[in-house]
Amino acid sequence: MSLSDDSGYGGDHRGSETGQTRTRLPDGDNDAYGTGRRPRAGGLSSRNLVTIVGVVVLLIAAIAFANRGGSGNSETTSDDAAQDTAAQPTAPTGTKPVNGKNGSIASGFAKTEQGAQSAAANYAVALGSERMFKVSSRHQIVDAVYARDAAANLKGPQDKAYSKAFLRKLGLDAAGNAPKGKTFISRTIPVGTKVEQFTSGTAKVSVWYTGLIGMAGAGSTDPVRTDWKTWTFDLSWADGDWKVAADAQKNGPAPIAGDVPASGADEMSKAVEQYGGFTYAR
């Protein structure tokens, strides 16, 4: 909030003092009628002091109002802000991430379009992580993310898909472990989400993401590379949360590769160990 003259908070808005009657009060016990007007002491008059205090109070109020957005209170969105949000569908809405977790996966998403988008983004992260390459953690993720019937029907085919031969191609052993001295990387990083369909109990949400996958370490035959894909989730509302009923992926959209040179194996390994992931919210 500006406190300039144009906003009505600047300048001198004192009224005329003409016609006012003043009663002179005694200066002390020994002079009942006073000795005339005393010279004004140096510094601010009471009127100027009141004006300055008023401006400071308004400034503090303006700062407090500007900071209310992070307090969790609901705010009335201005017309301009609403238009900006509508014109930029991939912009963050400001909805806070959920507090609950099912294992290491965020849970307790709102039964709204925003909640469905947040759920889809976080489920894509979990399903694209290196934990999917180990049987026990994969089953935990599937149980947490998918609806009960879908999870029961999916585990068997997934176990076959993550076969020893498949894991060997990635440089992993039969249990999904990387060789000593190497780091296996598999990450999904959502770029944006889009609601394809939405009802009170179902939603179809597409997640556009980039991914990292490969083996970092000296002598790796499968260096870490990037992918660009779109992951579409059919979600259903069950047990107080969004669950995946079905999902499918397709390639792209993919940007032109940049000119940043690839990092060495040691730098990539350290990056994976030092940089954690996020809980995504729309």
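This is a predicted model: local features need pLDDT of at least 70, side-chain atom pairs count only at pLDDT 80 or more; totals for chains, interfaces and linings use all residues.
## The chain overall

The protein chain carries 7 helices and 6 strands. Going along the sequence, they come in the order α-α-β-β-α-α-α-α-β-β-β-β-α.

If you look at contacts between residues at least 6 apart in sequence, 56% of them join residues at least 24 apart.

## Helices H4 and H5

H4 spans residues 135–145 and H5 spans residues 148–161; their axes come within 10 Å and cross at roughly 150°. The cut-off for roughly antiparallel is over 145 degrees, so H4 is roughly antiparallel to H5. The crossing itself is right-handed.

On the H4 side, the contact is made by Arg138, His139, Val142 and Asp143, while H5 brings in Ala151, Leu154, Lys155, Gln158 and Asp159. By type, that gives 3 nonpolar, 2 polar and 4 charged residues.

## A look at leucine 127

Leucine 127 sits in helix H3, which covers residues 113–127. Its relative accessible area is 7%, so leucine 127 counts as buried, given that the cut-off is under 20%.

What does leucine 127 touch, leaving aside neighbours within four places in sequence? The contacts are Met132, Ile141, Val145, Tyr146, Trp231 and Phe233. There's also a C-alpha separation to note: leucine 127 and arginine 138 are 11 residues apart along the chain, with 8.3 Å between their C-alpha atoms. Arginine 138 is also one of the H4 residues in the contact with H5.

Conventions. Residues are numbered from 1 along each chain as its sequence is written. Side-chain values use heavy atoms; hydrogens and water are left out. Helices (H or I, at least four residues) and strands (E, at least two) are DSSP runs, numbered from the N terminus. Buried means under 20% relative accessible area, exposed over 50%, partly exposed in between (1.4 Å probe, protein chains only). Contact means heavy atoms within 4.5 Å. Axes are lines fitted to C-alpha atoms, for helices over the stretch in contact, and angles run from 0 to 180 degrees between N-to-C directions. Angles under 35 degrees count as roughly parallel, over 145 as roughly antiparallel, 65 to 115 as roughly perpendicular and the rest as oblique. A crossing is left-handed if the near helix is turned anticlockwise from the far one by less than a right angle, and right-handed if clockwise. Ala, Val, Leu, Ile, Met, Phe, Trp, Tyr, Cys and Pro count as nonpolar, Asp, Glu, Lys and Arg as charged, and the others, Gly among them, as polar.
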